[in-house]
Amino acid sequence: MRTILKLFAIAAAVTVNVAAAETAEAPAAETFEFQAEVNRLMDIIINSLYKNKEIFLREVISNGSDALDKIRFVAVSDKTALDSKKELEIRISFDKDARTLTIRDSGVGMTKADLVANLGTVAKSGTTNFVEAMSGDQGGDLSLIGQFGVGFYSVYLVADKVRVRSKHNDDEQHCWESAADSSFSVWKDDGEDLGRGTEITLYLKEDAGEFLDQDRLEELVLRYSEFITFPIYLYKSSTETVEVEDDEEEDLDDEEEEDEDLDEEDDEYEDEDEAPRTTTVTNWDWSQVNSESAIWARDASEVEDDEYKSFYKTFSKDTADPTTWIHFKAEGEVEFKSILFVPGQVPFDMYDSYHNKNAQLRLYVRKVLITDEFEDLVPRYLNFLRGVVDSDDLPLNVSRETLQQHKVLKVMGKKLVRKALEMLRKLAQKSESDDDDEDEDDEEEGDEDDEEEELEPCFVRKTTLV
């Protein structure tokens, strides 16, 4: 045993000496920064973050909404901030011949330095920097969308080249352009004066022709950005039929007066009135796409019943009024606002593919649609529910298309189920009370009928005696 202990002691001493020697001989560590191949990084961001290329429009509109929120916030302390342009809006137009799509906002705009820093630096979010620059609770009052600083680059899903023109109140108008390669260009812009704001022009790829169709663009705006606070206008065409006026008019003054005693036979040959000639004219005009407001962001006491019914019909595409609804704000581990509806009519396919159906709930983050494909958020027996859920602090992937698996979702699901069951319980109690009232009415009507039957014979006898 002593021999074994001696061997262990010798081994330990040798180990300590070796470690000390290695420590003494170890060179000083050097620190290096990670490097990235820009072309490869851009390719990953553009082609690997997003599942659907249509997402680019949501991202650009969200950026425009953030810019409008910023200038409105600045205008609170600087009364002259909106002098350059009063309207706070987003405008979308397209040119089929040039194959370009243009999105313009009248937001805060960017200086030359902002263009270089924000658009030239991947994963640098100007919105995040703006919020961080706000002191105290000011930043918390802003409901801005941008988080990751990569949403802008989604435009290269559909565009070969992108040109950005921007005007900030503190700088001249500049232009930024890049084809998603390793470089970009910035120069002073002498083109059309924007007044204030940013204009993004996308030179679309050959396979992106669908985004030159006004109906498709309107569909995407309504799907993803319908409840954005600011008005979104689309430059749309409409056709109408108009009458064509003849350039040459007959001069009645030069015509000779006809004799009053014309024969009746001549009247048969009088020319009948010809139908007016018409032609189809195409008119172009700005049309507001998003007319509905996000009523879930308001206090429930401020919303009228008619507003709930109109909102339900708008987002669910249902023609009937909802049976009931519940509007609430959840606080605690996760904060969110929600409105849940029970449809007015039972869906015809309610029991078809029961186990493959999910509740028709839409998830919004700061009024921007993220997904309407929920799995396991609420039980299958509640798959008839329709509604919206809006939260500012959900665990989103960078693409903002999918939710990360997180315990917050389980907490949210429990609160939604609790509120849904509360809504159904109140509906059942109301139904029972209505049934009781109907029974009482029926009993009263029955009593009245009995009284009439009792009085009728007496009346007959009296009349007979008289």
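Trainee: What should I know about the model before starting?

Mentor: The model is predicted: local features need pLDDT of at least 70, side-chain atom pairs count only at pLDDT 80 or more, and totals for chains, interfaces and linings use all residues. Residues are numbered from 1 along each chain as its sequence is written, and side-chain values use heavy atoms, with hydrogens and water left out.

Trainee: Which residues of helix α4 are buried?

Mentor: An α-helix has 3.6 residues a turn, so residues three or four places apart point the same way. Helices (H or I, at least four residues) and strands (E, at least two) are DSSP runs, numbered from the N terminus. Buried means under 20% relative accessible area, with a 1.4 Å probe and protein chains only. In α4 (residues 112-119), the buried residues are Leu115, Asn118 and Leu119. Seen down the axis of α4, they fall within an arc of 90°, so they line one face of the helix. The arc is taken from the directions from the helix axis to the C-beta atoms.

Trainee: At what angle do α3 and α6 pack?

Mentor: Two packed helices are described by the angle between their axes and the distance between the axes. Axes are lines fitted to C-alpha atoms, for helices over the stretch in contact, and angles run from 0 to 180 degrees between N-to-C directions. Helices α3 (residues 55-77) and α6 (residues 214-224) pack at about 65°, their axes 10 Å apart. Contact means heavy atoms within 4.5 Å. Here α3 contributes Ile55, Leu57, Arg58 and Ile61, and α6 contributes Leu217, Leu220, Val221 and Tyr224.

Trainee: In what order do the eight strands of the open sheet stand?

Mentor: Two strands pair if DSSP finds at least two bridges between them. The order is β5-β4-β3-β6-β2-β1-β7-β8, with mixed pairing. β5 (185-188) and β8 (278-288) stand at the edges, each with a single partner strand, so one side of each is left without a neighbour in the sheet. The twist averages 20° from one strand to the next. Within this sheet, six bridges join β1 (residues 90-95) to β2 (residues 100-105), and the two run antiparallel. Aspartate 95 stands opposite threonine 100 in β2.

Trainee: Which strands does α4 lie across?

Mentor: α4 lies across β3 (159-167), β4 (174-178) and β5, at about 25° to β4.

Trainee: Which strands form the edges of the five-strand sheet?

Mentor: That open sheet has the order β9-β10-β13-β11-β12, also with mixed pairing. Its edge strands are β9 (324-330) and β12 (368-371), each pairing on one side only. Three bridges join β11 (residues 360-365) to β12, and these strands run antiparallel. Valine 365 stands opposite valine 368 in β12.

Conventions: Buried < 20%, exposed > 50% of the residue type's maximum accessible area, 1.4 Å probe, protein only.
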